[in-house]
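Work through the exercises below with the sequence and the model open. Try each task before reading its solution.

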Amino acid sequence: MSSIKVYYTSVSGSREVKQRQEEVTRILDTYKIKYELIDISVSLKMLQEMKMKVSISKALPPQIFNGQEYCGDFEMFHKAKENKEILKFLKME
């Protein structure tokens, strides 16, 4: 059983970040993939956890994981979607 986790923010002044987050959740819903949303805006600890896991200090949400394994960011997700490789991207096949 996979445990897809999407680090996102419920508070953002960036329309681009909001649109990217919405696209990720819409695609996951389309594929009927269960996922957990982790809101980095609720505490500094969650933001630091996301940045530590991706090893990029300036990482922006959404960041996508399968369990503890890093899948990628929005750009990588979008490329996988274009190539019809979402399940491969999510490390589910």
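**Exercise 1. A glutamine and its surroundings**

Is Gln-63 buried or exposed? Then list what its side chain contacts in this predicted model.

*Solution.* 
Step 1. Locate the residue. Gln-63 lies in strand S3, which covers residues 63–66.
Step 2. Check the accessibility. The relative accessible area of Gln-63 is 3%. Buried means under 20%, so Gln-63 is buried.
Step 3. Look for polar partners. The side chain of Gln-63 has a polar contact of 2.5 Å with the side chain of Tyr-70. A polar side-chain atom of Gln-63 also lies 2.7 Å from the backbone oxygen of Leu-60.
Step 4. Beyond four places in sequence, Gln-63 is in contact with several residues, among them Lys-5, Val-6, Tyr-7, Met-50 and Val-54. Tyr-70, Gly-72 and Asp-73 are also in contact with Gln-63.

**Exercise 2. An aspartate in S4**

Which backbone nitrogens does the side chain of Asp-73 reach?

*Solution.* 
Step 1. Asp-73 lies in strand S4.
Step 2. Its relative accessibility is 23%, so Asp-73 counts as partly exposed.
Step 3. A polar atom of the Asp-73 side chain lies 3.2 Å from the backbone nitrogen of Glu-75. The side chain of Asp-73 also reaches the backbone nitrogen of Met-76, at 3.1 Å.
Step 4. Leave out residues up to four places away. Asp-73 then touches Pro-62, Gln-63, Ile-64 and Phe-89.

**Exercise 3. Backbone details in the loops**

Which residues does a cis peptide bond join? Next, find two non-glycine residues with positive phi.

*Solution.* 
Step 1. Inspect omega. The cis bond joins Pro-61 and Pro-62, with omega about 0 degrees. Pro-62 sits in the loop between helix H2 (44–54) and S3.
Step 2. Inspect phi. Lys-32 has a positive phi, near 55 degrees. Ser-55 also has a positive phi, about 60 degrees.
Step 3. Lys-32 is in the loop between H1 and strand S2 (35–39). Ser-55 is in the loop between H2 and S3.
Step 4. Check their accessibility. The cut-off for exposed is over 50%. Lys-32 has a relative accessible area of 73%, so it is exposed. Ser-55 is at 66%, so it counts as exposed.

**Exercise 4. A loop glutamine**

What does Gln-68 contact beyond four places in sequence?

*Solution.* 
Step 1. Gln-68 is in the loop between S3 and strand S4 (69–73). It is exposed, with a relative accessible area of 61%.
Step 2. Beyond four places in sequence, Gln-68 is in contact with Lys-5 and Lys-53.
Step 3. The side chains of Gln-68 and Lys-53 are joined by a polar contact of 3.5 Å.
Step 4. Compare chain and space. Gln-68 and Ile-4 are 64 residues apart in sequence, yet their C-alpha atoms are 9.2 Å apart.

**Exercise 5. Two helices**

At what angle do the axes of H1 and H3 cross? Describe the contact as well.

*Solution.* 
Step 1. Take the geometry. The axes of H1 (residues 15–30) and H3 (residues 74–82) cross at roughly 40 degrees and come within 11 Å.
Step 2. Classify the angle. It makes H1 oblique to H3.
Step 3. Assign the hand. The crossing of H1 and H3 is left-handed.
Step 4. Name the residues. H1 contributes Arg-20, Glu-23, Val-24, Ile-27 and Leu-28. H3 contributes Phe-74, Glu-75, Phe-77, His-78 and Lys-81.
Step 5. Sort them by class. The contact of H1 with H3 has five nonpolar, one polar and four charged residues.

Technical notes: Residues numbered from 1 in each chain as written. Predicted model: local features only at pLDDT ≥ 70, side-chain atom pairs only at ≥ 80, totals over all residues. Heavy atoms only, no water. Axes fitted to C-alpha atoms, helices over the stretch in contact; angles between N-to-C directions. Helix = DSSP H or I, 4+ residues; strand = E, 2+ residues; numbered from the N terminus. Parallel < 35°, antiparallel > 145°, perpendicular 65-115°, else oblique. Left-handed = near helix turned anticlockwise from the far one by under 90°. Contact = heavy atoms within 4.5 Å. Nonpolar A, V, L, I, M, F, W, Y, C, P; charged D, E, K, R; others polar. Buried < 20%, exposed > 50% of the residue type's maximum accessible area, 1.4 Å probe, protein only. Polar contact = N/O pair within 3.5 Å; in protein donor to acceptor, adjacent residues only side chain to side chain.
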